[in-house]
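Subject: Structure handover

Hi,

Here is the structure we talked about. Please load it first, then read the notes below.

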Amino acid sequence: MTGPLSAILGFGLFGVFCLAFTEKILPVPPSHVLLLFLGMTAAPDGFTLAILLVVTTLASFLGCLVWYGVGRRIGFDRADRLIERVGRYVFLRPATYRKLGQAYRCNHVRVSLLAQFIPTVRNYLPIAAGALSLPALPFAIATLLGATIWNAGFLLTGYLLRGSSQDSFTVGLRIIVIVVALETAFMLALRYGPAWRRRIRLVLG
């Protein structure tokens, strides 16, 4: 994988932009792997790291807008059928997509922000936002903020690991485990959060 990535990075910031944008359309390699790799290999100093953050965040943001536009174009029913057919091929369960789509109706700004911290979901949930015709500006602001935080976290981690004596594979694996754990926690909160809040309100009177 590093061979093709290195070849694309030979095009400089344009190559970085293409990688980050393409990852948003089809998450191969996953964004956390890509961003760690960029932080470790393409950021010799803090200034370059900041440039990488701007470029990758802009690419991720534009990728979200593409999927938002697709959702607006095809509508909710066709978007649901699209995820039903292809979701399993991109590691997005239709049930997960539907739950988050329902949550969008209640608080689209919060879900747009939090969705950026869930692998795969962060790629395709903008389809639901567009299909539900959610206001574009709040969606864009929340998505841009979430993408900035996500990208900054992994780029900075990769940058700090640059030249360290730690085994990169082991560190990367630990980070992936943490990401999966956070994703699971978020889905549990989405599934059981409303019931927990109702119980808390009943207890508190």
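**The cavity and its lining**

α2 (13–25), α3 (31–41) and α4 (46–86) each give at least two residues to the lining of the largest cavity. The top share comes from α3, with three residues. Please keep in mind that this is a predicted model.

How many cavities of 30 Å³ or more does a search of the whole structure find? The search finds one. The volume of the largest cavity is about 40 Å³. Its lining consists of A20, E23, S31, L34, L35, T56, S60, R122 and N151. By class, that lining splits into three nonpolar, four polar and two charged residues.

**Two lining residues**

Start with N151. This residue sits in helix α8, which covers residues 136–161. Is N151 buried or exposed? N151 is buried, because its relative accessible area is 2%, and buried means under 20%. Leaving out residues up to four places away in sequence, N151 touches L35, L53, T56, T57, S60 and R122. N151 is also listed in the lining of the largest cavity, as are L35, T56, S60 and R122.

Now take E23. This one belongs to helix α2. E23 has a relative accessibility of 3%, so it counts as buried too. Which residues does E23 touch, not counting those up to four places away in sequence? They are P29, P30, S31, L34, R122 and N123.

**α2 against α7**

R122 and N123 lead on to a helix pair. Helix α7 spans residues 121–131, and α2 packs with α7 at an angle of about 65 degrees. The two axes are 7 Å apart. On the α2 side, the contact is made by E23, K24 and I25. On the α7 side, R122, N123 and Y124 meet them. The residues of this contact divide into two nonpolar, one polar and three charged.

**A spot on α4**

R78 is in helix α4. R78 and A131 are 53 residues apart along the chain. Their C-alpha atoms are separated by 8.6 Å.

**The chain as a whole**

From the N terminus on, the elements run α-α-α-α-α-α-α-α-α. The chain has 205 residues, and buried residues make up 41% of them. Consider the contacts with a separation of 6 or more: residues 24 or more positions apart account for 81% of these.

**Confidence**

The average pLDDT of the protein chain is 77. A score of at least 70 is reached by 66% of the residues. Which element has the lowest mean pLDDT, and which the highest? Helix α1 (residues 2–9) has the lowest, at 58. The highest belongs to α8, at 89. N151 lies in that helix. Where pLDDT is low, the predicted coordinates should not be read in detail.

Best wishes

Technical notes: Residues are numbered from 1 along each chain as its sequence is written. This is a predicted model: local features need pLDDT of at least 70, side-chain atom pairs count only at pLDDT 80 or more; totals for chains, interfaces and linings use all residues. Side-chain values use heavy atoms; hydrogens and water are left out. Helices (H or I, at least four residues) and strands (E, at least two) are DSSP runs, numbered from the N terminus. Buried means under 20% relative accessible area, exposed over 50%, partly exposed in between (1.4 Å probe, protein chains only). Contact means heavy atoms within 4.5 Å. On a 1 Å grid over the protein atoms alone, a cavity is a set of points where a 1.4 Å probe fits but cannot get out, and a pocket is an open set with protein on both sides within 12 Å along at least five of seven lines; lining residues have an atom within 4 Å of a point. Grid points are joined across faces, edges and corners, and a volume is the space filled by probe spheres set on the points. Ala, Val, Leu, Ile, Met, Phe, Trp, Tyr, Cys and Pro count as nonpolar, Asp, Glu, Lys and Arg as charged, and the others, Gly among them, as polar. Axes are lines fitted to C-alpha atoms, for helices over the stretch in contact, and angles run from 0 to 180 degrees between N-to-C directions. pLDDT is the predictor's confidence in each residue, from 0 to 100.
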